[in-house]
Amino acid sequence: MIEIKNISKKFRTEGGDIYALKDVSLNIADGDVYGIIGVSGAGKSTLVRCINMLEKPSEGTVCIDGVDMSLLSEKQLREKRKEIAMIFQGFNLLMQRNCLKNVCFPMELAGINRVEAEKKAIKLLELVGLKDKAYSYPSQLSGGQKQRVAIARALANDPKLLLCDEATSALDPTTTNQILELIREINQKLNITVIVITHQMNVVESICRHVAILDNGVVAEKGPVGEVFSHPKSEATKRLVFPEGSADNLRKSEPDEHIIRLVFNGAKATNTPMIARLALEKGIEANITYASTKSVDDKVYGYMLLGIKRDSNIIAETISYFMQMPDVYAEEVFLDD
Amino acid sequence: MTKTLFMFDPKNWEIITATFPSAIWETIYATFISTFFALLIGIPLGVILVVGDKDGIMPLPSWLMKILNVIINLLRSVPFLILMVVVMPLTRLIVGTVVGTVAAMVPLVIASFPYVARVTEGSLREVDVNSIEMARSMGATPFQIITKVLIPESVPSLISNITITLTNVLSYTAMAGALGGGGLGKVAISYGYNRYIYSIMIYAVILLVILVQVIQTVGTRLAIKSDKRLKGNL
């Protein structure tokens, strides 16, 4: 259990104090995958660094399993950090060490003997699917492979918590999905709590159970992912959910329409035209208001906004029609909220 | 004149066989031993310059860092020949004499360790700050960050800089020849300048050039070979 209570982080600059975080409070349950999303400069990276005290919060406390991190001595803090693994946007592998030695790095820090460390490192590389690259150097790997090595390294000291700081931001969509799949697997198999920092909606949608939206150092909204994204209340969330124009703009343009959001989370792309079939089978006319989908490995990711007639029966029918498809999620978007 | 300068005079052969082997050995010996001690003092100082910085991993009091910086800059700005004279009392204290190859090593070390400190600082500052953050996030102590991240990650750059230091020290040893130091510098000065046997001086200089070439070539190769970033895709 991670309890972040009323933390603020102030940076002193020549032009006066700047607050990177203002009164942020979050509770993250064990075993959860918690997303923290926001545009760049929203304070996400500062927030995640306050969890392992790479940045000391100016005010407030961070408790991990009941231990107040800010009260720990430097030495205790270093011990505690061994339970909190971190992966980064730039992978941060040591370039002069081969993959095996990179995975051994945290075990070396913990004083585990070499033979034992290497044995475990091989197992971890196998877990991330890179056993054959054990003696390769980072410069010989692709971005996705580098992040896999970084993940293997993060798992070396059997952490309870994994912090992912924009871990997929430097990767292409296919690799992003593979890495997210690996993180999901780690969360489920090893029961490691995961905190995901990102600016990408699809990252949160595909692996997170809970999400907090950070805007200008303030938590704009937080809760279960489906709930937050289906009923965006704050402006910041609306901007994220509707990047190509806020909900308000949509309402103005189509007053008698009701918006339904379809989320494709790896749905099989078939040759069936879904919208046309909805019209043929159910007699419901849908207007594609906005679509942002992409196909990866024959699967569709992303979302689509459909404008349909403002009628509760039609809405319910449309939603149930799409909900019965695997990996498709449909929900109403309440623009009047 | 120019003809006699480069012509090989058989009369000089005796001088060459009598003086060159030991002179070459003295030059190599003085260069490598002096550089070794310069590294021994300079590398830790370079590490302190980086980690003791106010944004470093182990910030030291700023007055201490300032004093350190002033001393290093001061030693770096004194011309070598003058430094040799200035440190003579110290040389006498350590070696017992101010003449000879061993005596020349004292000013050589004093002149080159501040240089080593500066170039080491440069090498360590090239290490990606994100790698340091990664190590901190994993609970590394400052000492572990120095020994497992900062130094190993900058090995290729350190090798390049050590190579440059060696060639610098080599040229200083030749200069030391003017003030009682041994080696090829002494041969060049005493035969070429004092006795007007220019060809001996030219040969000594050619040998120095060859030594620099060899050191630089080997050093550059080692630096490239050690750099795992330059490994191509398999």
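How many C-beta neighbours does B:Ala135 have inside 10 Å, and does that make the residue buried or exposed? Keep this question in mind while we walk through the structure, which is a predicted model.

Let's start with chain A. This chain holds 12 helices and 14 strands. Its radius of gyration is 22 Å, close to the 20 Å that the globule rule gives for 337 residues, so chain A is as compact as a globular protein of that length. If you follow the C-alpha trace along its principal axes, chain A spans about 70 × 50 × 35 Å. Of the 337 residues in chain A, 44% count as buried. Sequence distance is worth a look too: among contacts in chain A between residues at least 6 apart in sequence, 66% join residues at least 24 apart.

Most residues other than glycine have a negative phi. A:Phe91 is not a glycine, yet its phi is positive, at about 65°. You can find A:Phe91 in the loop between strand S6 (84–88) and helix H3 (99–109) of chain A. Because 25 other C-beta atoms lie within 10 Å, A:Phe91 is buried. A:Glu166 is also not a glycine and has a positive phi, of about 50°. Its place is the loop of chain A between strand S7 (161–165) and helix H6 (173–190). A:Glu166 has 20 C-beta neighbours inside 10 Å, and the cut-off for buried is 20 or more, so A:Glu166 counts as buried.

Now turn to chain B. Here you will see 11 helices and 0 strands. The C-alpha atoms of chain B fill a box of roughly 70 × 50 × 25 Å along the principal axes. Of its 234 residues, 38% are buried. Among contacts in chain B between residues at least 6 apart in sequence, 72% join residues at least 24 apart.

At 1.5 Å a residue, its 39 residues should span 57 Å, and the C-alpha atoms at its ends are 55 Å apart, which agrees. Look along H2(B) and you will also find a bend of about 35° at B:Thr19, with a proline, B:Pro21, following within four residues.

Where do the two chains meet? The contact takes 21 residues from chain B and 20 residues from chain A. On the side of chain B that touches chain A, helix H7 (129–137) and helix H8 (142–153) each supply at least two residues. H7(B) gives the most to this side, with 6 residues. Sorted by class, the side of chain B that touches chain A has 7 nonpolar, 7 polar and 7 charged residues.

Helix H7 of chain B brings us back to the opening question, for B:Ala135 is found in this helix. B:Ala135 has 23 C-beta neighbours inside 10 Å, so it counts as buried. Leaving aside residues up to four places away in sequence, B:Ala135 touches B:Ala140, B:Ile145 and B:Val149. Take B:Ile145 as an example: B:Ala135 and B:Ile145 are 10 residues apart in sequence, and their C-alpha atoms are 6.6 Å apart in space.

Methods. Residues numbered from 1 in each chain as written. Chains lettered and ligands numbered in written order. Predicted model: local features only at pLDDT ≥ 70, side-chain atom pairs only at ≥ 80, totals over all residues. Expected span 1.5 Å × (residues − 1). Bend = angle between axes of the 7 residues up to and from the residue. Rg over C-alpha atoms; globule rule 2.2 N^0.38 Å. Buried ≥ 20, exposed ≤ 12 C-beta atoms within 10 Å, placed from the backbone. Contact = placed C-beta atoms within 7 Å. Nonpolar A, V, L, I, M, F, W, Y, C, P; charged D, E, K, R; others polar.
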